[in-house]
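Keep the sequence and the model in view as you read.

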Amino acid sequence: MYAMAEECELRYPKIEIRFPDSTFWWHDSYSFFGVGPVVFQNDEWTYVLEDGYNCEKEMVEKAFLDSNVFLSREIPPGYNLPSGMNILLIYSLSLTKHDIGEVFKDEFLHWQQCGMLSLTYEEADSLATSLVEPLNNLVKRKIDFVHTDAFFVAEYPGANTRQISQLIQETCAETSASLRRVKRVNIGVIFENRVAHIPEYLRGEKYFVFDVNGRVVQKGVAGEAIRMPSIPSILKIGNVKPFLLK
């Protein structure tokens with residue numbers, strides 16, 4: 001039920017991926033940050049692929065597939081990685097729309113297209129695909145770590161870096177501003193001080209409020225606003241997706 005929540009907060013666990021096999025990089029550890037321009041367009045070479053992916057990597061950046069997932073190539077303080085080994089930290093907000101495994105696979109295949117890997121597209125696809133389900137299971141806490149010849153994946157217990165904290169704040173601020181715009185045009189249900197403000201198109205629909213055990217605690221016909229209980233509860237109006245209010 002908590003998956004219905006639309007709060008902007010860092011989702012745990014944070015993920016650490018180490019790359020013990022240095023042979024799949026195009027040249028050396030610097031390949032982790034990209035290589036030379038890869039696409040010739042408008043009479044010049046560019047780092048940007050046709051789908052808009054930027055091959056010139058930053059130390060910290062948003063994932064291409066989902067802007068609510070953040071990638072960091074910064075080696076945490078106190079980490080002594082063997083020469084040539086790279087590390088990727090993955091942070092995600094509760095607003096993410098894609099599984100972490102799917103996000104990583106998309107990034108890895110783009111790395112191949114950027115020329116960062118000494119792998120064919122098929123080889124990169126096979127390698128990344130093998131990590132999709134384990135990554136998702138680690139996020140769901142079904143497993144504790146993943147260890148293969150190519151990847152070591154585990155939960156990252158360290159504190160957020162300044163860049164990650166800044167990205168979280170900026171993204172959540174953008175989300176908050178977007179919600180305010182939604183409220184003005186009456187597109188979605190907006191919660192404020194445990195009052196659900198109902199958009200015009202949902203007024204007159206039957207609604208139900210459930211507690212987290214699925215018991216109906218309130219029902220009726222939606223008007224301009226519905227006062228929610230003080231306990232964590234779920235609001236269901238008409239045929240739209242339920243809303244969770246903690």
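A residue counts as buried when its relative accessible area is under 20%, and as exposed when that area is over 50%; partly exposed lies in between. The model shown here is predicted.

Start with Glu 61. Its relative accessible area is 12%, so Glu 61 is buried. Glu 61 forms a salt bridge with Arg 73, and their closest N and O atoms are 3.3 Å apart. The two residues sit in distant parts of the chain, twelve residues apart. Glu 61 belongs to strand 4, residues 60-62. Arg 73 lies in the loop between strand 5 (69-72) and strand 6 (86-93). Arg 73 is buried too, at 3% relative accessibility.

Now turn to the helices. Asp 125 and Lys 105 meet in a salt bridge through their side chains, 3.4 Å from N to O. Asp 125 is in helix 2 (residues 121-139), and Lys 105 is in helix 1 (residues 100-114). This pair is 20 residues apart. Asp 125 is partly exposed at 27%. Lys 105 is partly exposed at 23%.

A further salt bridge joins the side chains of Glu 155 and Arg 141, at 3.2 Å from N to O. Glu 155 lies in strand 8 (residues 152-155), and Arg 141 in the loop between helix 2 and strand 7 (145-147), so the pair ties together parts 14 residues apart in sequence. Glu 155 is partly exposed, with a relative accessible area of 36%. For Arg 141, also partly exposed, the value is 49%.

Conventions. Residues numbered from 1 in each chain as written. Predicted model: local features only at pLDDT ≥ 70, side-chain atom pairs only at ≥ 80, totals over all residues. Heavy atoms only, no water. Salt bridge = Lys/Arg side-chain N within 4 Å of Asp/Glu carboxyl O. Helix = DSSP H or I, 4+ residues; strand = E, 2+ residues; numbered from the N terminus. Buried < 20%, exposed > 50% of the residue type's maximum accessible area, 1.4 Å probe, protein only.
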